[in-house]
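Have a look at it first, then read on.

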Amino acid sequence: MAKSITVVVIDGHTLTRYGLVGLVAGAGDIEIVGECGSAAEAAVVVAVAVPDVVVLDVALPDGDGLRVAAELRDRYAELGIVVLTSNTEDHVLFRALETGVSAFVCKTAPNVEVLAAIRHASVAACSFTATGLAGALGRRSSIMVGLTLSPREQQVLALLTDGMSVPAIARSMFVSPSTAKTYVARLYEKLGACNRAQAIMTALRLGLIERQLSVPA
């Protein structure tokens with residue numbers, strides 16, 4: 001008899017965890033070996049259960065599920081990681097992809113899709129799959145068409161990402177504060193942003209920033 005795929009569920013909603021237990025109960029090749037409802041408990045539960053796959057939510061009560069996923073990926077290279085979430089916006093999907101998870105699944109997906117994601121993660125931990133990936137890539141490409149940043153705007157984006165204020169940007173670029181303010185305004189206009197946080201998140205979503213960043217206030 002083939003060994004079952006062992007799974008740990010990390011989700012703040014008791015009903016979701018209960019539902020997953022019920023779902024895999026009908027699948028003879030999958031077994032839940034641990035569960036918890038918070039980011040704080042995740043590392044211990046995974047270390048004790050040593051599962052083949054972790055299924056976790058993006059939004060945990062005490063933290064960012066994708067940050068937990070990144071920490072697990074750093075610690076366990078062969079661990080399958082399935083993100084099960086109600087937030088399927090493109091920028092969340094791309095964050096999951098960049099984090100190195102194995103699968104990205106909407107909580108409203110058919111049961112067969114959830115089970116397929118778990119099975120995929122158990123044999124191809126480092127191979128990303130998501131039903132909406134092709135559409136998200138298409139939307140990113142269509143937005144990118146015609147959007148080009150000048151060298152100055154690219155420099156401003158990098159400095160904003162580093163948390164610099166407009167006066168600091170002016171000093172770094174050897175321009176006047178009013179000129180730096182104009183550069184920032186033009187960048188915001190191109191990205192359709194009203195502030196630094198929106199500009200950085202949009203740039204991240206469009207692939208203008210290649211790594212996940214903490215957004216300065």
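This is a predicted model: local features need pLDDT of at least 70, side-chain atom pairs count only at pLDDT 80 or more; totals for chains, interfaces and linings use all residues.

Residues are numbered from 1 along each chain as its sequence is written, and side-chain values use heavy atoms, leaving out hydrogens and water.

So where does Asp-57 sit? Look in the loop between β3 (53-56) and β4 (59-60); helices (H or I, at least four residues) and strands (E, at least two) are DSSP runs. Asp-57 is buried, at 4% relative accessible area (buried is under 20%, exposed over 50%, partly exposed in between, with a 1.4 Å probe and protein chains only). Among the residues Asp-57 touches are Asp-11, Thr-85 and Lys-107, with contact meaning heavy atoms within 4.5 Å.

Asp-11, Asp-57 and Lys-107 are also linked in a network of salt bridges. A salt bridge here puts a side-chain nitrogen of Lys or Arg within 4 Å of a carboxyl oxygen of Asp or Glu. The whole structure has seven of them, including these:

| Pair | N to O distance |
|---|---|
| Asp-52 and Lys-3 | 3.0 Å |
| Asp-11 and Lys-107 | 3.1 Å |
| Asp-64 and Arg-95 | 2.7 Å |

Asp-11 is buried at 2% relative accessibility, while Lys-107 is partly exposed at 27%.

Technical notes. Lists of a residue's contacts leave out its neighbours within four places in sequence.
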